[in-house]
Amino acid sequence: MRAPAPVPEPTPQRPLRRARKTRAGGRARGAVGALASAALLLPLVSGLPAADAAVSGPDALQRNFARAAAEYHVPSSVLLAVSYLQSRWDTHAGAPSVTGGYGPMHLTDAATALADSQERPHHSDTGEDARGDAARPHRDAAGVPSPHGAAPSADALPERLRTLDRAAGLTGLRPEALRTDPAANVRGGAALLADAQRRLGRPAGGDAADWYGAVARWSGARDTATARAFADDVFELIRTGARRTTDTGQRVALAAEPRLVPHREQVGRAMPPAEGVECPETVACESIPAPYQRLEGSDYGNHDVSDRPASQKADFIVIHDTEATWEKTLQLIKDPAYVSWHYTIRSTDGHIAQHVPVKDVTWHAGNWYVNSKSVGIEHEGFLARPDAWYTEEMYRTSARLVRHLARKLDIPLDRQHVLGHDNVPGTVPSTIKGMHTDPGPYWDWAHYFELLGKPFHPTASPFSGMVTIRPDYDDNEPVYTGCEKPGQECAPHGSGAVRLHVAPRDDAPLVKDVGLRPDGGASTTGVNDTGARASTGQQFAVAGRLPGWTAVWYLGQKAWFRDPWWEPVAVGARGKLVTPREGLAEVPVYGRAYPEKEAYPAGVPVQAVTPLPYKLSAGQAYVLGGTSAAEYLYAKDFDPAKHVVVRGKDVYYEIQFGHRVAFVRAADVTVRSSNR
């Protein structure tokens, strides 16, 4: 939701990729290396004999799961599946998740995590108006309250955010071991599951099907619907199985049990969804309404009542992160003088809150055209804290919601229509610098689209005229700076983005973004600097190839990225490209698809169709994302009956112009196949 404008930082004159993580071992970083051998330290913190504590090798984590399952009489499939839906079995170098969860079992110690986070600089608001409408000055984000406050005490936190202390009491292990040692962490998780089974009055051991109630209890959910949704996901994973190499090179497998039928009757029936909630049946969803009320004078907040799709068709789903905790985010959405979005998703268990009906227009994207034609979804998380990781359950729940909305609203599941907030264009030149940059380079678009059922596969030969960006998220570790201090390197972490250079050399400058830096300044490695970045799933027209390098057309220039055949970061694609119409040296590019002035009725102010400070020049090509109607929603009054949708005769094409999408007039360009 909130992220700062890019801060100028020097570009390191060295390769922008870290040492590659091998499948036989971990990444070349000290913290993970320490975790890989942390089992050797277990005797010092738990009192266990060294022979019983030390487990090493690429299957050490698998054996730790087996040992913990046997010790606490928990079916190993249940223990593995619960862990997978929390962390995908990763350790994250001992760093806490968004909600203060540690290790493969996501044992939560939010008080410690939040106290540590108070020592780090939080990201302030950029000054972008989330409504994307300069007529509402009180919506200027620079004046909203900070989403961050003092770290709460442990007693003030809900039980789901302090499971690590309970695990310490059950196992006798010190909290530090449970946070940093994967073997201890897995033991703590097994102890919690066994305790949940005992509290339900059910015997330990036995068949996995008899652990449905304990798994539901593990979720920490206060409502039956969320608990059942989590348990259903765990047992569906057991039925299908999973296999993965973790962030420390550990090979872990969960064997499929396709005939497993859990005892769902162990958990009472969930209450029917709240009236008006628009979610799939496979998720837990509640209504926490955003206010719609009059404010001072003629002002009102915090969204616009509408009648979509009858009034306008939604074309986009915009993915955000909250830059605040779940609790703080819910406080903000209830403020009538704040901005709004349609849904928020909780990190720990994927629980969804819907705030505004999909038919209504929320103020979330900083671009009024996009607001009027989109649905906004916030995810509990922080852009510039790469190891404050998102849980697998949140990714899965979000994907279910997006699939549901895409079917309902007829929105294609691709990166031209499922956008990050960082892909939304500025409306006019003056707003480009203030556009938000979430969910940022650490959001795993490849995994997200796998969960959406639309993985990014090659659709053409490696030598086609169009490519889809698709680096290996775990192995791709560009250097980012500014997560904690300006110019300081961020912790090494997987990323779905690649860097773009002016020439095919690692030490070549990054391409420039004249919208972000009108003075001609170079792009940087800043975590919030989108000026020279291509993201997973985005598609571009090929502008050139040299051994180990590929060039694409990007922001009106040729942009090179390292793309060796043995470690490609892009795959061949097939589609349609737009180029300037014959006879035109260049065509303007826009941040919104507004109608021509003749389309406006009396009483509705004409909106200027102002080009962005970029040019699409002859000889260049950009991937066509879709056709966009020329529309403007005039909504300045609390009474929706006074709102007007202005429709023009102009037709626009959405294109992938840079890291952000843009629009061009159909009359200005020619559409051709990428295979020409």
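Biologist: How much accessible surface does the protein chain have, and what share belongs to carbon and sulfur atoms?

Modeller: About 25100 Å², with 53% belonging to carbon and sulfur atoms; areas come from the Shrake-Rupley method with a 1.4 Å probe. This is a predicted model, where local features need pLDDT of at least 70, side-chain atom pairs count only at pLDDT 80 or more, and totals for chains, interfaces and linings use all residues. Residues are numbered from 1 along each chain as its sequence is written, and side-chain values use heavy atoms, leaving out hydrogens and water.

Biologist: What percentage of the residues is buried?

Modeller: Of the 676 residues in the protein chain, 62% are buried (under 20% relative accessible area, 1.4 Å probe, protein chains only).

Biologist: Switching to Glu393, which side chain of opposite charge is nearest?

Modeller: That is Arg400, 4.8 Å away. Glu393 is buried but has no salt bridge (a side-chain nitrogen of Lys or Arg within 4 Å of a carboxyl oxygen of Asp or Glu).

Biologist: And what does Glu393 contact, leaving aside neighbours within four places in sequence?

Modeller: Leu85, Ala229, Phe230, Asp233, Asp349 and Gly350, where contact means heavy atoms within 4.5 Å.

Biologist: Where does Glu393 lie?

Modeller: In helix H14, residues 392-409; helices are DSSP runs (H or I) of at least four residues, numbered from the N terminus.

Biologist: Which helices each supply at least two residues of the largest cavity's lining?

Modeller: H14 does, and so does H5 (76-87).

How values were computed
Buried < 20%, exposed > 50% of the residue type's maximum accessible area, 1.4 Å probe, protein only. Lys, Arg positive; Asp, Glu negative; His and termini not counted.
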